[in-house]
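Student: I would like to learn how to read salt bridges in a model. Please take me through the case at hand.

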Amino acid sequence: MKKSIFILVFALIISNLIYAQLPVSAGLKLGFNTSKMPTEITNISDIKDQGRNGFLFGAFIRINLTKFYIQPEVYYTKKGGNFQYNSSGNIYTQQSSFTTVDIPLLVGVKLLDLKVANFRLMAGPVASFITDRNVSIQTNGINITSVPSPTLKFKNSIWGFQAGTGIDVLKFSLDVKYEWGINNISDFADMTARTKILHVGLGMKLF
């Protein structure tokens, strides 16, 4: 329900901006990410976090305000994280992957604004809504459980903050952003987990 409301509000804002003929550009974006999910478990001290690689694709709108700009985005992405720990002589490995719809709202500044290229900085909050997930747990390399969607092991939404830089050349843009997860997405009482993600996205302006 929250995901539908956010997407509807996003669409209404964009429609109004285009109708008002403000200095707006829009385009498509695709890219990849590498993510981790640093985890803490009660009474377990030596937890090794492992990264996962994923992808993203979607769209962005840029509202140009002279030197500053506002850039809402919506994209479909794959992310997650793995961790491993030793308990009573057994090695446990948990692998978690999520498919999400992400909606960042970025505010940026143009440090170098030329006719054919510009260099930017940006930051802002992001809401991620999990549409699918897969969790597997292994003991000493043997799979002991696999939990497909839906599952209550993780919450349904991730709230975070993004910051990064970008460069535009003609109709193309390259953004590099780092995302910090704010909320604990674990549904276990004795476990906390937050996402950390590096995004690299290539965009193409359509207008």
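Student: What joins the side chains of Arg 62 and Asp 168?

Tutor: The general idea: a salt bridge is a side-chain nitrogen of Lys or Arg within 4 Å of a carboxyl oxygen of Asp or Glu. Here Arg 62 and Asp 168 form one, at 2.7 Å from N to O. Arg 62 sits in strand S4 (residues 52-65) and Asp 168 in strand S9 (residues 157-169), 106 residues apart. Strands (E, at least two residues) are DSSP runs, numbered from the N terminus.

This is a predicted model: local features need pLDDT of at least 70, side-chain atom pairs count only at pLDDT 80 or more, and totals for chains, interfaces and linings use all residues. Residues are numbered from 1 along each chain as its sequence is written, and side-chain values use heavy atoms, with hydrogens and water left out.

Student: Are Arg 62 and Asp 168 buried or exposed?

Tutor: Buried means under 20% relative accessible area, with a 1.4 Å probe and protein chains only. Both Arg 62 and Asp 168 are buried.

Student: Which residue pairs with Arg 120?

Tutor: Asp 175, with N and O 2.6 Å apart. Arg 120 is in strand S7 (residues 117-139) and Asp 175 in strand S10 (residues 172-181), so the bridge ties together parts 55 residues apart in sequence. Arg 120 and Asp 175 are buried.

Terms used: Helices (H or I, at least four residues) and strands (E, at least two) are DSSP runs, numbered from the N terminus. Buried means under 20% relative accessible area, exposed over 50%, partly exposed in between (1.4 Å probe, protein chains only).
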